[in-house]
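Good morning, colleagues. Please look at the structure as I proceed.

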Amino acid sequence: MDYERLAEGLHEHTAAFADAVAGADPDTNVPTCPEWSLRVLVGHIGQAHRWAASIIRSGPSPVPDPFDAVPGSPEGWSDWLHAGAAELADAVATSKGPVWTFFGSQSATFWLRRMLHDTTVHNADAAFATGATFEVAPDLAADAISEWLEVLSNPVTPTLKPAFAELRGTGQTLELRPYTGMGWLITRTPNGVQWERSTDTADVTLAGPIKDLLLVLTRRLPVDQVTVTGDRSLADHWLAHTAA
């Protein structure tokens, strides 16, 4: 996915997020992030965009605490959120070379893609908290699924979050099958997670609209939101050990 589509998606979901929280009580609990209020969720989004932009411009810095973010008064949230997204998109567009990431030096678009998909999922969180409508374009939902599987399959990831090591296995397979387009076949090996775009059969298959598959995979919807065939315990185990 190229810079233009990633930047477009970031602005689209930042705007939808801003709309979802507009006029809501800042102290509203976010059910899918139960330790957070809307104020913390808003702070996280604007803070994360600016943090990623600073990495691109100046190198790595500690991961910020969302509870330390200062998004300002609710009436200014929309402008603050849009400014953060614009800062990130501009930093990527003007980057001169590889930048630091958790997984070694990569193109600055790594951070645009990572923040786009983080914003997309948190857009869903905001919508669930306020009763707004959540939508995501199929191409962005598909890329979000692929990007999350790339993170989970990277050998560095268990060193960052040891709980992800529980996803290792002995060849068990899980398929994500959208109603349209190619699916994802995930294999749990002794060395970690492997995946490919495929429609092969698996030990357990989750089938449904791609938006729902994304939200189930990121633990925003219960697995019963999609059709599960095969060994349900494998799906339950996967979801129990993929809390971001």
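I begin with Glu87, which is partly exposed at a relative accessible area of 26%; buried means under 20% relative accessible area, exposed over 50%, and partly exposed in between, with a 1.4 Å probe and protein chains only. Please note that this is a predicted model, in which local features need pLDDT of at least 70 and side-chain atom pairs count only at pLDDT 80 or more, while totals for chains, interfaces and linings use all residues. Residues are numbered from 1 along each chain as its sequence is written, and side-chain values use heavy atoms, with hydrogens and water left out.

Glu87 forms a salt bridge with Arg57, the closest N and O atoms being 3.1 Å apart; the term denotes a side-chain nitrogen of Lys or Arg within 4 Å of a carboxyl oxygen of Asp or Glu. This pair links distant parts of the chain, since Arg57 is in helix α2 (residues 38–58) and Glu87 in helix α3 (residues 77–93), 30 residues apart. Helices here are DSSP runs of H or I with at least four residues, strands are runs of E with at least two, and both are numbered from the N terminus.

How many salt bridges does a search of the whole structure find? The search finds 11. One of them joins the side chains of Glu175 and Arg177 at 2.8 Å, N to O. Glu175 counts as buried at 0% relative accessibility, whereas Arg177 counts as partly exposed at 34%.

Salt bridges that share partners also join Arg5, Glu8 and Asp139 into one network.
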